[in-house]
Structure formats: C-alpha cells, structure tokens
Amino acid sequence: MQPSDSPVGISLSVPESWWEFDIRPEGREATIRALVDERVRETPELAPYRADVTTMLRKMAKDAQESGAVYMACMAENFDGVPLSATVTVSVLGAKDKAGVALSTDPGAIADSLRTVTARREGDAWRTVTTVDIPDAGTAARTYGVEDIPVAQGDSRTLRMALTQTYIPVPGGTNQVVLVSGASPVLDLAEAFHDIFDAVTGTFRFV
C-alpha cells in the first residue's frame, strides 16, 4: 500500500486475507463491489453474506475517510456464524495544539502527553502508553488497550473497541506525525488483535 494522496510517501503491509481499497468517495463504491465480487469467487461460502460484508465495508470506508485517514485495510470474516472484523487506518497529523503552536514530534514527548487509563474493575476500559521501535521507521509512541471511541464525529455515542494507536514522526522536521490505528470490536480477542496490529504496524516505512 502507498496512498497516492498522502502528503508523505508511506508503505504498510497487511495479511493477504484483508481488504485494501480506495476510501475516497469517488472511488469507494466501485472498489468495494469489485473486491466483494473477487472474494466471493475465491470463497463461494461467503456468498450468503455478500450484502452484510458490502454494508460493513461501506461503513468502515466512510468512517475512515471522514476521520481524515489516507488509507484503510480491514478484516471482515465470518467464523461459524460469528462475524469478526478489524480495521487499520493511516492518517497524517499536524503536530500542533488548538492555538496552532507546533508540538514536539519526539516519541518520548508524545508518550508523556498521552494518558494511561487503569481499569477499576473487570470489563472497564483501559489504556497503556509506551514507546516501540518500528524496524524501518525508528522509535514511535504507542497506546494500546480497550477504549470507548465515538461512533462518528460529533456523535456522543461510543463503541468499545480493542485499540492500538502508534504515532510515528515524519522525518525531516516537518512537524507531522503518521498515526497508524488498529481497531476491532471483538473484545474477547483483544490481546490477539493487539498482536496483529503490532505486526502490521511493524511493516511501516517511509518511501
């Protein structure tokens, strides 16, 4: 993957079974239709779920585009009637505060600005803050946990998700940070999805 409309050149690899597609409104519908048709041809047992998968992909792509993402990949599968889904999005953020003052893109400083959340009882949301080393991109700040995120921009409703967010500084003193976000609503498999998101983010590089 290398989004053509990204302000920086980036590359990321996801598992072959995942879906990668154009999230821009002008290319979204045709790409989703083509991907679903191809996947159903490869896996005929998906045919009964064609409409459900198409609807899921449309919503994921729309939400990603509206949130400012330049790229999205997702997993949408059905195991014994249980839907499993996850998304990875890439966004390029300007490191400025609300007053327009440039913020540090140093991973340690970013990590210090992020808040740890401790679960008070089983089932509560939680978040761990750390730094990680990306093989081809250097040190990055990261949060991972189970968090309540807005259903949509401006919507007060939330959806609890297993969430991994990695903040990778753009080299060259650009005051930009690439945010790689991995999310899944399948909380019973949160630990496994955190591992998947870690592996996917580990393939990130600037090109």
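A cavity is a set of points, on a 1 Å grid over the protein atoms alone, where a 1.4 Å probe fits but cannot get out. This is a predicted model in which local features need pLDDT of at least 70 and side-chain atom pairs count only at pLDDT 80 or more, while totals for chains, interfaces and linings use all residues. Residues are numbered from 1 along each chain as its sequence is written, and side-chain values use heavy atoms, with hydrogens and water left out.

**View 1. The largest cavity and its lining.** Rolling a probe the size of a water molecule over the atoms shows where empty space is left. One cavity of 30 Å³ or more is counted; a volume is the space filled by probe spheres set on the points, which are joined across faces, edges and corners. The largest cavity holds about 30 Å³. Its lining (residues with an atom within 4 Å of a point) consists of Trp-19, Val-36, Arg-39, Val-40, Leu-46, Tyr-49, Arg-50 and Val-53. Six of the lining residues are nonpolar, none is polar and two are charged (Ala, Val, Leu, Ile, Met, Phe, Trp, Tyr, Cys and Pro count as nonpolar; Asp, Glu, Lys and Arg as charged; the others, Gly among them, as polar). Helices H1 (25–42) and H2 (50–66) each supply at least two residues of this lining, and the largest share, three residues, comes from H1.

**View 2. Helix H1 and its buried residues.** Helices (H or I, at least four residues) and strands (E, at least two) are DSSP runs, numbered from the N terminus. The end C-alpha atoms of H1 are 26 Å apart, which agrees with the 26 Å that its 18 residues should span at 1.5 Å a residue; the expected span is 1.5 Å times one less than the number of residues. Buried residues (under 20% relative accessible area, 1.4 Å probe, protein chains only) in H1 are Gly-27, Arg-28, Ile-32, Leu-35, Val-36, Arg-39 and Val-40. Strand E2 (19–20) and H2 are among the elements that cover them, by contact (heavy atoms within 4.5 Å).

**View 3. Ile-10 in strand E1.** Strand E1 spans residues 10–11 and contains Ile-10. Ile-10 counts as buried because its relative accessibility is 0%. Its C-alpha atom is separated by 9.8 Å from that of Val-170, 160 residues apart along the chain.

**View 4. The largest nonpolar core.** A nonpolar core is a set of buried Ala, Val, Leu, Ile, Met, Phe, Trp, Tyr and Cys residues joined through side-chain atoms within 4.5 Å. Among the 26 residues of the largest core, Trp-18, Val-90, Val-178 and Phe-204 touch the most other members. E4 (82–94) is one of the elements that give two or more residues to this core, and E4 gives the most, with five.

Notes: 1 Å grid on protein atoms, 1.4 Å probe; cavity = no way out; pocket = protein on both sides within 12 Å on 5 of 7 lines; lining within 4 Å. Buried < 20%, exposed > 50% of the residue type's maximum accessible area, 1.4 Å probe, protein only.
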